[in-house]
Every structure is written in structure tokens, then in C-alpha cells.
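Please look through the structure below.

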Amino acid sequence: NTATAVGTHESPDDVESDPSEVNTMIDAAPHLSIVKRVDKDKLTGDDVKPGTVLTYEFDVTNDGNVMLDGVNVIDALSGISEISVIEPPNGQTDDVTLKPGETATFTATYAITQADIDAGSRENTAHAVGTYENENDARSDNSTVVTTMEGKPHLSIVKKVDKTELTGDAAKAGTVLTYTFEVVNDGNVTLDDVYVNDALDGLSGITVVSAPNDQKNSVSLKPGEKATYTATYELTQNDVNTGKVSNTATAVGTHDSDDDVESELSATETKIERNPSITIEKTVDKLHIDDVSVGNTLTYGFTVTNTGNVPLTDVAIDDAMLKAAGVDVEINWDKSSDDATDNGMLSPNETVNASATYKVTQDNIDVGNVMNVATAHGADGDDDVVSEPSDIETTLSVPKPPVPDQPSDDDDDGDEDKP
């Protein structure tokens with residue numbers, strides 16, 4: 001500041017001093033502050049999905065003591081839209097200038113990603129910048145906002161079997177069932193290490209048939225993605241005996257490498273037709289006897305086979321002729337097939353044998369044969385199973401009586417020749 005002194009002395013002319021100048025130094029203190037806001041600080045329900053838009057607003061204030069030019073907001077969030085000014089002083093739109101005490105409001109939008117949902121939140125930080133005398137940058141402190149997102153991990157599984165009912169030749173131990181498991185991530189977060197849990201004893205290893213990005217070992221599923229698995233199972237005799245195979249499975253995955261996420265159970269059932277059946281084959285050591293006499297013997301052999309698909313108990317042979325003759329037909333279990341086990345029980349395809357001896361009677365000789373019929377029977381639970389009859393015939397020939405000597409008639413006169 002510059003000043004002079006002025007006065008008069010007995011004359012009309014002013015008397016003025018030389019100028020005197022003083023300078024007061026004022027320190028420039030450029031400074032900005034920023035307050036960042038978001039329209040949604042918590043996302044729940046249907047809003048928790050990729051593409052939901054967050055709108056950010058930034059209030060930037062010049063709280064220094066000098067005018068700042070080129071005021072702008074810096075936000076390094078990947079995927080954020082262009083930041084634009086919506087409430088500048090004096091209608092500024094491009095190059096915002098703020099006098100001390102003035103505020104401008106900026107805005108930008110951001111569409112959330114699956115990675116944000118998996119993380120459970122989106123944190124965002126921004127700061128404001130401006131220039132003073134085209135060289136000294138003014139930078140605000142950071143301002144941070146957080147939007148939390150409700151994670152809902154969930155898996156569903158649908159289990160299928162290629163055969164829901166087995167009949168005829170397929171209804172037997174050794175028939176192979178093929179299971180498929182379709183697993184869907186129907187939650188809103190990515191699940192890792194997704195696998196199928198099936199406790200069926202005897203099930204093969206469960207393998208991946210198809211999964212996103214051809215994953216085969218460690219499967220990750222984003223929301224909406226599906227993976228298909230498969231396994232096989234070979235029927236046991238116990239399954240056939242029971243008449244069905246019931247099986248359940250669940251899908252399991254992890255979120256944040258922490259808690260397991262397990263689906264509801266999915267069940268299948270394969271019905272197995274029970275076909276109890278038994279056969280008997282009968283043999284005899286003699287199909288014909290010449291010069292038969294009472295007491296001649298016939299030896300019968302019996303082969304009994306379980307031709308059904310379920311075990312039979314109380315297996316026995318019925319032979320009315322032998323029973324009437326007082327001959328018991330007892331199965332020789334010690335000489336049964338290698339697979340036959342408990343006396344009286346035959347498993348499918350098992351065979352046992354028996355034999356009996358019969359003495360020819362006069363009644364047999366009178367009719368000229370011995371016709372014998374036998375059946376085998378067993379029990380399937382409360383039901384009796386009887387074979388078709390097996391019959392065999394032995395024909396009998398009686399000796400002819402001797403012819404008496406006839407008198408000679410060499411001269412053909414019709415009279416007995418005399419010596």
C-alpha cells in the first residue's frame with residue numbers, strides 16, 4: 001500500500017510529502033475438500049445381481065483462500081462412468097473454477113459385477129484436484145463409500161437314472177445303472193469346488209461330464225451356471241431281493257473358502273421286477289428192462305435249479321410214486337454247486353442234486369412200464385414256487401413162458417409117429 005501526506009502553509013499551495021509504501025504479505029492456502037455419496041449403501045434381494053447401477057455424487061468445496069481452476073474429481077474405480085459436473089457455480093460445465101467457499105457437485109455411475117457380489121461389497125474412493133496460478137495443484141483428502149451386498153449362496157441338484165424299472169432279463173444282479181447329476185448355482189455368488197455327494201455303497205467314482213470352460217477337476221460355478229456329473233452302479237443280489245434301488249445325492253460347494261454350501265437331497269428309485277422260478281430235470285439209469293422181475297431197481301437222479309432272480313427257501317422235491325413206495329428224496333446239499341450255500345435255500349442260478357432208488361413192483365410189470373413224475377418247489381417269501389413237472393418212463397418186458405415139446409409126425413399122416 002502507498003500513501004502521501006498533504007498540508008498548506010500561508011499560501012494556497014498544498015504541501016505534499018513524498019510517497020511512503022508498505023507491503024503486507026498474505027500466504028496463499030489452496031485447499032479442496034470432497035464428500036462422496038452413493039445412492040445405495042446396501043443391496044439385498046433381487047438388486048444383488050450383476051448390472052445393478054450405483055450412482056455416486058461428489059460435493060467438492062474450495063475451502064482454501066485462493067481461487068482454484070480446473071477443479072475435477074479423480075476416481076480410479078475400474079468400470080466407473082465418465083465423471084461429470086451437475087451443479088457448478090455460474091453454470092460452468094467444462095472447466096470448473098471455484099472461488100473460496102464455493103461448491104460444485106459431480107456425478108458418475110457404476111454397474112456392479114459378479115466379483116463385487118462375491119466379495120460382498122463395493123468400496124470406492126475418490127479425491128478432488130484443482131490448480132492455483134496454473135502450477136500448484138490442490139488435492140483433497142480421500143473420501144470413501146461402501147455398498148454392501150447380501151450374498152445368498154445356494155445350489156440345486158437334479159439326479160436322474162437311465163433305468164427306472166427293470167424287468168425280464170435285465171432284472172438281475174450285475175445290471176448297470178447310469179446316474180446323471182445336474183448341478184445348478186441358483187444363488188447369487190460364485191461357488192468353488194463344486195462336487196456331488198452320493199453315499200450309495202458300490203457307486204463308481206463320480207466324474208464331470210460338462211462344466212463351464214471345460215472344467216474337469218475343481219469346478220467353479222457362477223450364478224446361473226450348470227455342471228453335469230455321472231456315475232454308474234452295478235446291481236447286487238440284495239437289490240434284486242429288495243425289489244428296488246433307492247438313492248439320494250446332494251451337491252456341495254464353498255463360498256469364500258469357508259463354509260460349505262449343500263443342496264437339498266435329490267432322489268431316484270429303480271424298481272426291480274421279482275421273477276421267482278425253479279426247474280427240475282429227472283434222469284433214470286434204465287430206460288428199458290428186459291426180462292423184468294419184481295424187485296429190479298431203478299436209480300433216479302434229480303437236478304434242481306433256481307432259474308429266477310431271487311433266492312428260494314425251503315427247496316424240496318415232490319415225487320408221488322417214490323413217496324408212495326416209502327422212498328424219501330433228500331437233496332444232497334454237500335454235493336451241490338459251488339455257489340449253493342445254506343441247506344434249503346437256492347440263490348439265483350444255483351443248482352442242487354438228489355438221487356433215489358426204486359424197486360419195480362408187480363403192478364409196474366402188469367402195466368409194462370414205470371412212469372415217474374417229479375416237481376420241485378421253493379418259497380419266495382409267503383409265495384410257493386413250483387416247477388413244471390419232469391417225467392421219465394422205463395418200459396418193462398416180461399420173459400415169455402417156455403414152449404412145450406411137440407410129438408413128431410414125420411410121415412405127415414396126422415398121427416403121432418410111434419417109435
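**K159 and its surroundings**

Apart from its neighbours within four places in sequence, K159 is in contact (heavy atoms within 4.5 Å) with Y179, T180, F181, D198, N247, T248, A249, S266, A267 and T268. The model is predicted: local features need pLDDT of at least 70, side-chain atom pairs count only at pLDDT 80 or more, and totals for chains, interfaces and linings use all residues. Residues are numbered from 1 along each chain as its sequence is written, and side-chain values use heavy atoms, with hydrogens and water left out.

Is K159 buried or exposed? K159 counts as buried because its relative accessibility is 5%; buried means under 20% relative accessible area, exposed over 50%, and partly exposed in between, with a 1.4 Å probe and protein chains only.

Two of these contacts can be described further. The side chain of K159 makes a polar contact with that of D198, at 2.5 Å. A polar contact is a pair of N or O atoms within 3.5 Å; within protein, one must be able to donate a hydrogen and the other to accept it, and residues adjacent in sequence count only if both atoms are side-chain atoms. The charged end of K159 also sits over the ring of Y179, 4.4 Å from its centre (NZ of Lys or CZ of Arg within 6 Å of the ring centre and within 35 degrees of the ring normal).

K159 belongs to strand β15, residues 155-161; strands are DSSP runs of E with at least two residues, numbered from the N terminus. β15 pairs with β17 (residues 176-185) in the antiparallel sense over seven bridges, where pairing needs at least two DSSP bridges between two strands.

Notes: Helix = DSSP H or I, 4+ residues; strand = E, 2+ residues; numbered from the N terminus.
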